[in-house]
Amino acid sequence: MLKIIKPGIETIVEDWPGRLGYLSKGMSASGAMDNVSLQFANLLVGNPTGEAGLEVAGGYFEAEFMENTVISICGTDMKPTINGNPIPMWEAVPVKKGDVLNLGVFGEFGFRSYVAVAGGIDVPPYLGSKSTCIFGSYGGFEGRKLAPGDVLKFGKPARALDTLAGRKLKKGVKPEFARTWELRAIPGPNTCPDYVTKEGMDYLYENEHKIQHTSNRSAYRIEPVPEYFFARADGGVGGSHPSNIVDHGYAIRGTMNVCGNTPILLIADGPTLGGYINVLHVINADLWKIGQGTPARDKFTFVYCTREQAIEERKKQRALFTEDNVTK
Amino acid sequence: MDHKVTATMPGLVARVVVNVGEKVAEGQEVAVINCMKTEISVKADKPGAVKEILVKEWDEMQVGDPMVVLEI
């Protein structure tokens, strides 16, 4: 078990790929914002790679272990310590009953860190997933962010704990962290020439876009688009603004709609439908970078990508989470 | 001696909740930052008296930016 001392800015239970199959009921998929770090963290402690771990956003987290186990921490470097002593990231580390884990520092590159525990976090799956949907207040630990005094149970480890300690990723496997995140993106269903001008799409693909402070697990907002972005004077039967269209279903995680003049990447806890144009879709292999983008600090760039390339990149990424990439 | 209370999170200043001359205890909230549509409390890491307020509403903060000067 793990007792939360300081939950930090936002710490929640998330798994991967989240709660699939309920978009038609208005329920977003949720799941880890950086699925790559969560999956590596699980791999290192011998869990199925989609097992539930803790997603710590922004740092300032502290918790006490109430039993011996093995953990691994992957994601942004929050300078993790056990009882004040630094511990390595991207490596399986044994901990003892009474040890205090601290993730005390706001990451210099990246925003979220993932704590995986051998056996995973034992919360009841809801509709097939242990992931928390913050705005729906369901899933995870009581459907909410963790609070001081919360006690989390662990599942049964898949392997003997003494075989896990020291497992780490092979050189060159760890993802690169940055302040400007390059997102490969397929043009969406509402682009040029009908909804957006060519110059408007060029604006998205050729500039850096600062992440707005209002970004969270539902949506990452970037700076407003210029006037020449829209190809229409209004939204016709969809509404008065050229970003309006008749309500339609949004694609799962990674789609960008434009709400008024603001482009918004709809992600883990994002809405499942709405009445705004969808102009591009970040490929699955790059979703993790959105989750590591720090609001009010980092920037995104978008790189044109085809559906075929997106499928290839997804296959390549899935192949990363195997024992072939683990060493001792 | 002066001590600066700094931003713990990037975001916009929602409000400063202390006034110049006011005594603050360690751990007392001095300002609030808005980020992720959430209000993040910025607390004094030392006790002291507020000497100067360096920020105003809507100012953009980065981690480590000074917000309030305390006389400690």
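**View 1. The two domains of chain A in this predicted model.** The centres of domain 1 of chain A and domain 2 of chain A, taken over C-alpha atoms, are separated by 28 Å. According to the domain assignment, domain 1 covers residues 2–175 of chain A, and domain 2 covers residues 180–318.

**View 2. Where domain 1 of chain A meets domain 2 of chain A.** Helix 1 of chain A, which runs over residues 35–44, gives the most to the side of domain 1 that touches domain 2, contributing three residues. By residue type, this side of domain 1 is made up of eight nonpolar, nine polar and two charged residues.

**View 3. The contact between chain B and chain A.** Here 13 residues of chain B are in contact with 13 residues of chain A. On the side of chain B that touches chain A, the elements giving two or more residues are strand 2 (11–16) and strand 4 (29–35) of chain B. That side of chain B divides into seven nonpolar, four polar and two charged residues.

**View 4. Chain B and its strands.** The secondary structure of chain B consists of eight strands and zero helices, and its radius of gyration of 11 Å is close to the 11 Å that the globule rule gives for 72 residues, so chain B is as compact as a globular protein of that length. Its C-alpha trace spans about 35 × 20 × 20 Å along the principal axes, and buried residues make up 35% of the 72 residues in chain B. Of the contacts in chain B between residues at least 6 apart in sequence, 58% join residues at least 24 apart.

Conventions
Residues numbered from 1 in each chain as written. Chains lettered and ligands numbered in written order. Predicted model: local features only at pLDDT ≥ 70, side-chain atom pairs only at ≥ 80, totals over all residues. Domains from an automatic or database assignment. Contact = placed C-beta atoms within 7 Å. Helix = DSSP H or I, 4+ residues; strand = E, 2+ residues; numbered from the N terminus. Nonpolar A, V, L, I, M, F, W, Y, C, P; charged D, E, K, R; others polar. Rg over C-alpha atoms; globule rule 2.2 N^0.38 Å. Buried ≥ 20, exposed ≤ 12 C-beta atoms within 10 Å, placed from the backbone.
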